[in-house]
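Dear colleague,

I am passing a structure on to you, with some notes on what turned up in it. Please look it over before reading on.

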Amino acid sequence: MSDPATQLREQIRTLQAERRSLESKLLQPQPMLPASLIERFLRDGGSARATPAYYLSRSEHGRSKLTYVNKEELAVVRQRCAAYRAYQQNLKQWRRVTATLLQRWQQLRQAQSQ
C-alpha cells in the first residue's frame, strides 16, 4: 500500500492534466454570443404562429431583452450561443478543478510535515 503523500501527488498530476486540457479549450478563440436562443410561437396579438420565431434573450442592465433573429442568421446565432454555453461550462469546470487542486496541495503539505 502506498503512502498518502504518493497518492496525493498522483491526484495532483491528474488534476493538473485536466486543468491544462480545460485551459487549452478556454483559450481557443471563437465567436460567442452571451445570450440564449429561444423559440416562440406567439405573435404580438397573442395568436399562435404556424412556424416558430427565434429570439436572442440577453441581460442588459439587469433586464432581459429579446432580439429577433432572421432565419438566414439562425444557424450562426445558434452556434455562437452554444459556443458561449460550452465556454461557461468549461470555465466552471476549470474553477472546480483549480479549487480541488489547491486542496490537494494543502493536504500534501500537511502529509509531508507529519
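In which sense do strand β1 and β2 pair, and over how many bridges? Strand β1 (residues 36-42) pairs with β2 in the antiparallel sense over six bridges, where strands are DSSP runs of E of at least two residues, numbered from the N terminus, and two strands pair if DSSP finds at least two bridges between them.

This is a predicted model, in which local features need pLDDT of at least 70 and side-chain atom pairs count only at pLDDT 80 or more, while totals for chains, interfaces and linings use all residues. Residues are numbered from 1 along each chain as its sequence is written, and side-chain values use heavy atoms, with hydrogens and water left out.

β1 and β2 form a hairpin with five residues between them, and glycine 46 in the turn has a positive phi of about 95°. β2 also pairs with β3 in the antiparallel sense, over seven bridges; in that hairpin two residues lie between the strands, and histidine 61 takes a positive phi near 55°.

The structure holds one aromatic pair, a term for rings of Phe, Tyr and Trp (its six-membered ring) whose centres lie within 6.5 Å, with planes under 30 degrees apart counted as stacked, over 60 as edge-to-face and the rest as tilted. Tyrosine 55 and tyrosine 68 have ring centres 5.7 Å apart and planes at 75°, so this pair is edge-to-face. The pair links strand β2 (residues 48-60), which holds tyrosine 55, to strand β3 (residues 63-69), which holds tyrosine 68.

Arginine 40, whose bridge partner in β2 is alanine 53, lies over the face of tyrosine 55, at 6.0 Å from the ring centre (the criterion being NZ of Lys or CZ of Arg within 6 Å of the ring centre and within 35 degrees of the ring normal).

With kind regards

Conventions
Helix = DSSP H or I, 4+ residues; strand = E, 2+ residues; numbered from the N terminus.
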